[in-house]
Amino acid sequence: MNAPYCAGISGGTGSGKTTLARHVRDMLGPDAVTIIESDCYYRDLSHIPEQERRMVNFDHPDALDVGLLASHLRELRACRPVRTHAYDFTTHCRTCAAVELLPRPIILVEGILVLSCPEIAPLLDLKVYIDEQPAVRRERRMLRDCRERGRTPEMSALQYERDVLPMHARYVEPGKKNADIILAGSADTDRLLGVLRAALAGQGSVAGGTRSGAR
Amino acid sequence: MLREHEAAGSNPAFPTTYFLLPKRSNQSRWIMNAHGHPHALDVTGCAARHALKILILLCFLAAISTPACRPHESRQDISDNQTLQASFLSLKPGCSIAPATLRLRTGGALGIAIENEALADARGTWSQQQGRFSAAAEFTVARRPLFHYRLALSGLGMGGLYAGRARLLEYDRQDRLMQEIEFLFHAEAPGARALPGFGKDTAR
């Protein structure tokens, strides 16, 4: 297999990064795309008292184990599989369940900081930024916090004002200037799919006929 | 703890390094030291000679931990209730950890003491299997209660000599931020066989 084509998808919280990455995988086929969610690389906080964990500023780059993410991306670029761990957002700890990431022709790395991070950005062949409306992002974020991450609306709102907004301005938004493609929202996928299909075509055939899903 | 970009005050993008700790002379002392910062701890710096020592020790341990050389060991046996003197070499300029005493207790509990520091709520675990040594300790430094630390060691150990990688994770309760710094470490038990040229006199 040729070296995978690595694309980074960034944007503020709730901009639709995960949705876009999964849509791309659906369109190009599961055997053509591996998705790395940078949210799985939050540091394990099991050593911090439980009541303090929710106080951590998760929107600051230091909350992520960027070194581990970069090393996994390098391994995948070298066509070697990696084992990582899922992250439990209710306990803020890595789970015991190992997750294997396989090298595939397209590697999508999605996360708020992937275009801003000096360890990650140079490893990306394509940089995509989703520029979604702030009000839309906020609403999505609060819904997700309450439905999936065990937060109350009050906790989510506090975290948004206290951490998300200032860190977005400081670390996430500046990544936009590094983007090759800026999308108006996660539904704005045509250009991205065009580039990825071209990259896929340039890599030769994909095992299992998985490109049949591409249109 | 100040961070590089915050100290610089104007860099809107990522800092080249997240750990802002300025470079210090190799005479300074202690843990995550931000030189001149009111919260800074000062520790004995690791001189360059430690780097060479640790690298040689690692090579030595790697060589003697080959299956042919490795003695039969139970799951966790050879070092119970052993006391080790450990020193650390930062892989990030400007950071250091003072020499520490590690107590490997029966049952896998780890005790830790750091030179000239009182630790609160210190607890940890250790294990050794097939020559591979790992340990982790969590603690708060009494005079820096706003910071919580986790020190994780992984490497090789044999015959009372240990060396490998250490990762210190610092959580700043005030700023609600974390930072991690990598070190090399070496540790030895009293009476451990000394490497040629690395007797007790050269250890510190």
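Which side chain meets that of A:Glu161 in a salt bridge? I put this to the model, which is a predicted one.

**Entry 1: a salt bridge within chain A**

I looked up A:Glu161 and found its side chain in a salt bridge with that of A:Arg138, at 2.5 Å from N to O. I then placed both residues. A:Glu161 belongs to helix α5 of chain A, residues 153-172, and A:Arg138 belongs to helix α4 of chain A, residues 134-148. The pair therefore ties together parts that are 23 residues apart in sequence. A:Glu161 has a relative accessible area of 43%, so I noted it as partly exposed. A:Arg138 is partly exposed too, with a relative accessible area of 26%.

**Entry 2: a salt bridge between the chains**

Next I took A:Asp163, also in helix α5 of chain A, whose pair crosses to B:Arg176 in the loop between β7 and β8 of chain B. The two side chains meet in a salt bridge of 2.8 Å, N to O. I found A:Asp163 buried, and B:Arg176 buried as well.

**Entry 3: a salt bridge within chain B**

I turned to B:Arg143, which forms a salt bridge with B:Glu117; their closest N and O atoms are 2.9 Å apart. B:Arg143 sits in the loop between β5 (132-141) and β6 of chain B, and B:Glu117 sits in the loop between β3 (110-114) and β4 (119-129), so parts that are 26 residues apart in sequence are tied together by this pair. B:Arg143 is exposed, at 52% relative accessible area, whereas B:Glu117 is buried, at 11%.

I then noted a network: A:Arg43, A:Asp65, B:Arg167 and B:Glu180 are joined into one by salt bridges that share partners.

**Entry 4: the interface of chain B and chain A**

How many salt bridges does the rule find across the interface of chain B and chain A? I have four. For polar contacts across the interface, I have six residue pairs, with both residues at pLDDT 80 or more.

I listed what chain B brings to the side that touches chain A. At least two residues each come from α1 (4-8), β6 (147-158), β7 (161-172) and β8 (177-188) of chain B. β8(B) gives the most, with four residues. By type, I count nine nonpolar, three polar and eight charged residues on that side of chain B.

For extent, I noted 20 residues of chain B in contact with 25 residues of chain A. The area buried between the two chains is about 2,100 Å², and carbon and sulfur atoms give 57% of that area.

**Entry 5: cysteines**

I looked for disulfides over all chains and found zero. I recorded A:Cys79 as partly exposed because its relative accessibility is 28%.

A:Cys117 is likewise in no disulfide, and its nearest cysteine sulfur, that of A:Cys6, is 14 Å away. I noted A:Cys117 as buried, with a relative accessible area of 3%.

How values were computed:
Residues are numbered from 1 along each chain as its sequence is written. Chains are lettered from A and ligands numbered from 1 in the order in which they are written. This is a predicted model: local features need pLDDT of at least 70, side-chain atom pairs count only at pLDDT 80 or more; totals for chains, interfaces and linings use all residues. Side-chain values use heavy atoms; hydrogens and water are left out. A disulfide is a pair of cysteine sulfur atoms within 2.5 Å. Buried means under 20% relative accessible area, exposed over 50%, partly exposed in between (1.4 Å probe, protein chains only). Contact means heavy atoms within 4.5 Å. Buried area is the accessible area (1.4 Å probe) that two parts lose on being put together, summed over both. A polar contact is a pair of N or O atoms within 3.5 Å; within protein, one must be able to donate a hydrogen and the other to accept it, and residues adjacent in sequence count only if both atoms are side-chain atoms. Ala, Val, Leu, Ile, Met, Phe, Trp, Tyr, Cys and Pro count as nonpolar, Asp, Glu, Lys and Arg as charged, and the others, Gly among them, as polar.
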